[in-house]
Amino acid sequence: MKLDGRRLSSNVDDRRGMSMGKTAGGLGIGGIIIVGLLTMLFGGNPADVLQQVMGAGSAQIMTSDGRQPTAEEEELAVFASQILAGTEDVWTKIFRENGREYIAPKLVLYTDYVQTASGTASASSGPFYNSGDQTVYIDLSFFTTMKQQFGSAGDFAYAYVIAHEVGHHVQYLLGTLNSVHRQMRQMSEAQSNQMSVRLELQADVYAGVWAYNDNKMFGSLEPGDVEEGLAIAQRIGDDYLQKKARGYTVPESFNHGTSAQRSRWLKKGLTTGDITQGDTFAPDYRNL
């Protein structure tokens, strides 16, 4: 991606180098269960797991771990801020064209653990959006994980991660996120998983919509970027990850979408740039 001279977002809260301690009562940080590979997907909600193991009412303290970020980490921090700024510019324009106001989310950069509106979250859960504080959270080491686990180290693949989470914020502003979550609470696990897939695929469309319009506004895409994005979408499909982890798939447990679905809906956003193409709730589930 071509980002030279692009502005940095003012909505970044850099908490890297701050570690979380736990006072008396409840489970210590060292006792938190590490979530496995299948939870290291975009759009996860680590609070659901952590609230089961963190004692309610236990005080949290923040301390500096004294570690200095590497040059690569600093570059990634600048990159993340530029991508967030790009999402602000694009979504502000799209919302304005549709008679709405875009309220930008915050982006928190952290190391290992972070305190959110829903409790303490672990970096092992991957990047996520929390509607409680309208914030995207990411430990930049996730990009190293992408390189090691998925073989994806390109800047557009990294941008896709951030843009997908911002896509969940767009869903929140449009009322989709809370509406679907309310419905999911009334459903069976299998039905709830299907609704989750629809949410995640829509966030993929919105990531593509951002990329299309960011390129239109700033000429940011370079040859190979689109292919790079579609390749990572293939590698984070539920079927791909389950086969890699288990050797087989359990389709009723899918909650983010298959490789084919994720790449197809991302491509729709990338090729049209049209938010109205992102209705993943109307099609029959078998035809997503």
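Is tyrosine 206 buried or exposed? Select it and see: at 4% relative accessibility, tyrosine 206 counts as buried (buried is under 20% relative accessible area, exposed over 50%, partly exposed in between, with a 1.4 Å probe and protein chains only).

Before moving on, a word on the model. It is a predicted one, where local features need pLDDT of at least 70 and side-chain atom pairs count only at pLDDT 80 or more, while totals for chains, interfaces and linings use all residues. Residues are numbered from 1 along each chain as its sequence is written, and side-chain values use heavy atoms, leaving out hydrogens and water.

Now select residues 189-218, helix H6 (helices are DSSP runs of H or I with at least four residues, numbered from the N terminus). From first C-alpha to last, its 30 residues reach 43 Å, close to the 44 Å expected at 1.5 Å a residue (the expected span is 1.5 Å times one less than the number of residues). Of those 30 residues, 21 are buried, so H6 is largely enclosed by the rest of the structure. Step past the end to glycine 219, where phi is positive, near 60°.

Next, pick tryptophan 91, which is buried at a relative accessible area of 1%. Its ring and that of tyrosine 206 have centres 5.7 Å apart and planes at 70°, so the pair is edge-to-face (rings of Phe, Tyr and Trp, the six-membered one for Trp, pair with centres within 6.5 Å; planes under 30 degrees apart are stacked, over 60 edge-to-face, the rest tilted). Tryptophan 91 is in helix H2 and tyrosine 206 in H6, so this pair ties together parts 115 residues apart in sequence.

With tryptophan 91 it makes another edge-to-face pair, 6.3 Å centre to centre and 90° between the planes. Bring in Tyr102 as well: ring pairs link Trp91, Phe95, Tyr102 and Tyr206 into a cluster.

Stay on H2 (residues 71-97) and show glutamate 97 and lysine 93, four residues apart and separated by about one helical turn. Their side chains meet in a salt bridge at 2.5 Å, N to O (a side-chain nitrogen of Lys or Arg within 4 Å of a carboxyl oxygen of Asp or Glu). Glutamate 97 is exposed at 56%, while lysine 93 is partly exposed at 34%.

Last stop: arginine 6, lying over the face of phenylalanine 218 at 3.9 Å from the ring centre (the test is NZ of Lys or CZ of Arg within 6 Å of the centre and within 35 degrees of the ring normal).

Key
Helix = DSSP H or I, 4+ residues; strand = E, 2+ residues; numbered from the N terminus.
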